Amino acid sequence: MTVVYIDALFLLNLIVNYLLLLAAAKLAGEPLRRLRLAAGAALGGLYAAAIFFPGMGFLTHPLCKLGAAVLMLLTGFGGSRRLLRVTLVFFGLSCAFGGGIFAIGLLGGRGLTLRNGVLYSVMDLRILLLSAAVCYAVLTLVFRRTARHGRREVLPAVLTLEGRRVAVNALVDTGNTLTDPVTGRPVMVAEGSLLSPLLPGERVLDEKALRDPVGTLERLSRGGRGRRFRLLPYQAVGVECGMLLALRLDDARVGAEDYGGILVALSPNPVSDGGGYSALIGET
């Protein structure tokens, strides 16, 4: 008879679920809300443990398993416009992840088992955690390399101007080719209203002002405040030749990458229809 330790079962499934949710979020370009991901992973761990309690055998039904997975996803990503994309990535990763851990277990001679459809192992916990970490790293690397020509990833960004800072979520999009015509460096496009802490007391970031970039730059120049601003031409779907007011930052850090004193184009409109990010930038 195989003895199942509920605490080890819960911990194992908690860790694996969290890694799967985290990998799915990164690959789908979803902002990382780690507490929500942890809560979703904990629900999955509780479901795995509950199956082994007396009278809870009905939880092994496929519909219950599917319901538990959906509940995990809703806890981690509920309200996101990319929920369907994240869901598909999550289920795809689940298949690959489970196969990877199973293969490592076989190579080590002490494999994983599926008891009532949930993950359990007689392996030493340290070996198991190392196996899970290796699988997570390999799968993330493979998926990122496969899609590196069209990478889209949401990262936290900190913008700095004269000692003042503002934090936003920025989409790093390799398809975004907007660059500074003088330096050739990437230009960030951000919702102008969210950058108001960088210019306290100024009305230059109001929607009305940003919709008239030429007139706003003229007013700034007459007042001697236009040295950091410039007009930036751009093209987009339905816009043959448009203009955006752009601000020269002192520094912009996106994730772990420092972009330095780049231009940020001030958009009068939201740059994301789902609200998952408020700025976007191409890769350096």
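**The aromatic pair and its setting**

Reply: With ring centres required to lie within 6.5 Å, the count in this predicted model comes to one aromatic pair. Phe90 and Phe91 form that pair, and its geometry is edge-to-face, with 5.6 Å from centre to centre and 70° between the planes. The edge-to-face label applies because planes over 60 degrees apart are classed in that way. The two partners fall into separate burial classes: Phe90 is buried, since its relative accessible area is 4%, under the 20% limit. Phe91, by contrast, has a relative accessible area of 32% and is therefore partly exposed.

The overall architecture comes next. The chain contains seven helices and 11 strands. Of its 284 residues, 42% count as buried. Among contacts between residues at least 6 apart in sequence, 62% join residues at least 24 apart.

An unreviewed UniProt entry places the feature "transmembrane region" at residues 6-25, 37-53, 59-79, 86-107 and 127-143. Two of these spans can be described in the model. Residues 37-53 are 82% helix and 0% strand, with end C-alpha atoms 25 Å apart. For residues 59-79 the figures are 76% helix and 0% strand, and the end C-alpha atoms lie 26 Å apart. Helix H2 covers residues 34-50; its 17 residues reach 24 Å from the first C-alpha to the last, close to the 24 Å expected at 1.5 Å a residue. The buried residues of H2 include Leu37, Gly40, Ala41, Gly44, Gly45 and Tyr47. Ala48, Ala49 and Ala50 of H2 are buried as well.

In soluble globular proteins, nonpolar side chains tend to be buried together. The largest nonpolar core has 29 residues, of which Leu159, Met188, Leu195, Phe229, Leu247, Val264 and Leu266 touch the most other members. Elements giving two or more residues to this core include strand E3 (152-161), strand E4 (164-173), strand E5 (188-191), helix H7 (213-222) and strand E7 (239-248). Strands E8 (251-254), E10 (263-267) and E11 (279-281) are also among them. E4 supplies the largest share of this core, four residues. A second, separate core of 17 residues includes Leu20, Leu21, Leu22 and Phe77.

Residues up to four places away in sequence aside, Phe229 touches Leu199, Val204, Leu217, Leu220, Leu245, Ala246, Leu247 and Leu266. Leu217 and Leu220 are buried residues of H7, as are Pro213, Gly215 and Thr216. After H7 comes Gly224, which has a positive phi near 75°.

Arg228 is in the loop between H7 and strand E6 (229-236). The Arg228 side chain has two polar partners described here. One is the backbone oxygen of Arg248, at 2.9 Å; another is the side chain of Asp250, at 2.7 Å. Beyond its neighbours within four places in sequence, Arg228 is in contact with Leu161, Glu162, Ala246, Leu247, Arg248, Leu249 and Asp250.

Glu162, one of those contacts, lies in the loop between E3 and E4. This residue has a positive phi of about 50° although it is not a glycine. Glu162 is partly exposed because its relative accessible area is 44%.

Arg164 is found in strand E4. With a relative accessibility of 28%, Arg164 counts as partly exposed. A polar atom of the Arg164 side chain lies 2.9 Å from the backbone oxygen of Leu198. Neighbours within four places in sequence aside, Arg164 is in contact with Leu159, Pro197, Leu198, Leu199 and Pro200. Asp250 is the residue whose side chain makes the polar contact with Arg228.

Terms used
Residues are numbered from 1 along each chain as its sequence is written. This is a predicted model: local features need pLDDT of at least 70, side-chain atom pairs count only at pLDDT 80 or more; totals for chains, interfaces and linings use all residues. Side-chain values use heavy atoms; hydrogens and water are left out. A nonpolar core is a set of buried Ala, Val, Leu, Ile, Met, Phe, Trp, Tyr and Cys residues joined through side-chain atoms within 4.5 Å. Buried means under 20% relative accessible area, exposed over 50%, partly exposed in between (1.4 Å probe, protein chains only). Contact means heavy atoms within 4.5 Å. UniProt positions are given in the numbering used here, feature names are shortened, and annotations may be inferred rather than shown by experiment. The expected span of a helix is 1.5 Å times one less than its number of residues. A polar contact is a pair of N or O atoms within 3.5 Å; within protein, one must be able to donate a hydrogen and the other to accept it, and residues adjacent in sequence count only if both atoms are side-chain atoms. Rings of Phe, Tyr and Trp (its six-membered ring) pair if their centres lie within 6.5 Å; planes under 30 degrees apart count as stacked, over 60 as edge-to-face and the rest as tilted.
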